[in-house]
Each structure stands twice: as C-alpha cells, then as structure tokens.
Amino acid sequence: MIDELNRQPLEGVTVTLLPEKISVVTNQLGNFIFKKVTKSVNAAIAVSSIGYEYKTVPVDELKNSNFSISLTAQNVELKSVVISSRNG
C-alpha cells in the first residue's frame, strides 16, 4: 500500500477481503497478508485509511504477486470555528 503522490508505504491501512469481510492492517512497509482465504468468484479488496479515499479493487486485477495499491489523499474542507474567551 503506497501513497499515490509520494510513493511512500502506508502503515495502518485497513484492508478487507470481500465478500468474506476478513480484515487485516498493513505493516510499516505497507504490506499485508490474508491467511486461510477461500476462493470467491467476485472477490475484491476494500482499502480504507483516515485521510485517504476509500478504494475497492477486484482480486482478479491483483494476480501478480508484486502488485501495489496506491491511495489518493482525501481533501476535506473544514468548517470555520470561532473561539472566544471569557475573562472574568
């Protein structure tokens, strides 16, 4: 798992195998492993991490053992906040 912009590995990304809903988290190198997985016709990998766009990738597209999934940073517009103090 890598950042699309800087190509650096992403740690702590949640990776879920669908439709089984088995989840793992990426390590410091952006790698993940699913153990004891059954074959499914329409299997996909759902990827989510705070600050990045949610992504789903069909398993058929990941048949190469050296694949990488890149995540795009999510732009979030924050609302303005007014802070005032009470001296008294």
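Biologist: Before we start, what is a nonpolar core?
Modeller: A nonpolar core is a set of buried Ala, Val, Leu, Ile, Met, Phe, Trp, Tyr and Cys residues joined through side-chain atoms within 4.5 Å. Keep in mind that we are looking at a predicted model.

Biologist: Thanks! Which residues touch the most other members in the largest one here?
Modeller: Those are Met1, Val15 and Ile45, in a core of 15 residues.

Biologist: And which strands each supply at least two residues of this core?
Modeller: β2, covering 14–18, and β4, covering 44–48, each do that. As a general background point, nonpolar side chains tend to be buried together in soluble globular proteins.

Biologist: Let's stay with Ile45. What is Ile45 in contact with, leaving aside neighbours within four places in sequence?
Modeller: Quite a list! Ile45 contacts Val15, Thr16 and Leu17, then Phe32 and Phe34, and also Lys55, Thr56, Val57, Val59 and Leu62.

Biologist: New topic. Where is there a cis peptide bond?
Modeller: Look between Leu18 and Pro19, where omega is about 5°. Pro19 sits in the loop between β2 and β3, the latter being residues 22–25.

Biologist: What else is in that loop?
Modeller: Lys21 is found there, between β2 and β3. Lys21 has a positive phi, near 60°, and is not a glycine.

Biologist: Why point that out?
Modeller: Because most residues other than glycine have a negative phi, and most peptide bonds are trans.

Biologist: Got it. Is Lys21 buried or exposed?
Modeller: Lys21 has a relative accessible area of 67%, so it counts as exposed, the cut-off being over 50%.

Biologist: Which other residue has a positive phi although it is not a glycine?
Modeller: Arg7, with a phi of about 60°. Arg7 belongs to the loop between β1 (2–3) and β2. Its relative accessible area is 49%, so Arg7 is partly exposed.

Biologist: What about Ser70, buried or exposed?
Modeller: Ser70 counts as buried, because its relative accessibility is 16% and buried means under 20%. You'll find Ser70 in strand β6, residues 70–71.

Biologist: And what does Ser70 touch?
Modeller: Not counting residues up to four places away in sequence, Ser70 touches Ile2, Glu4, Lys55 and Arg7.

Biologist: Last one: where is Glu61?
Modeller: Glu61 is in the loop between β5 (55–58) and β6. With a relative accessible area of 59%, Glu61 is exposed.

Biologist: How many residues along the chain lie between Glu61 and Ala44, and what separates their C-alpha atoms?
Modeller: They are 17 residues apart along the chain, and their C-alpha atoms are separated by 9.1 Å.

Methods: Residues are numbered from 1 along each chain as its sequence is written. This is a predicted model: local features need pLDDT of at least 70, side-chain atom pairs count only at pLDDT 80 or more; totals for chains, interfaces and linings use all residues. Side-chain values use heavy atoms; hydrogens and water are left out. Buried means under 20% relative accessible area, exposed over 50%, partly exposed in between (1.4 Å probe, protein chains only). Helices (H or I, at least four residues) and strands (E, at least two) are DSSP runs, numbered from the N terminus. Contact means heavy atoms within 4.5 Å.
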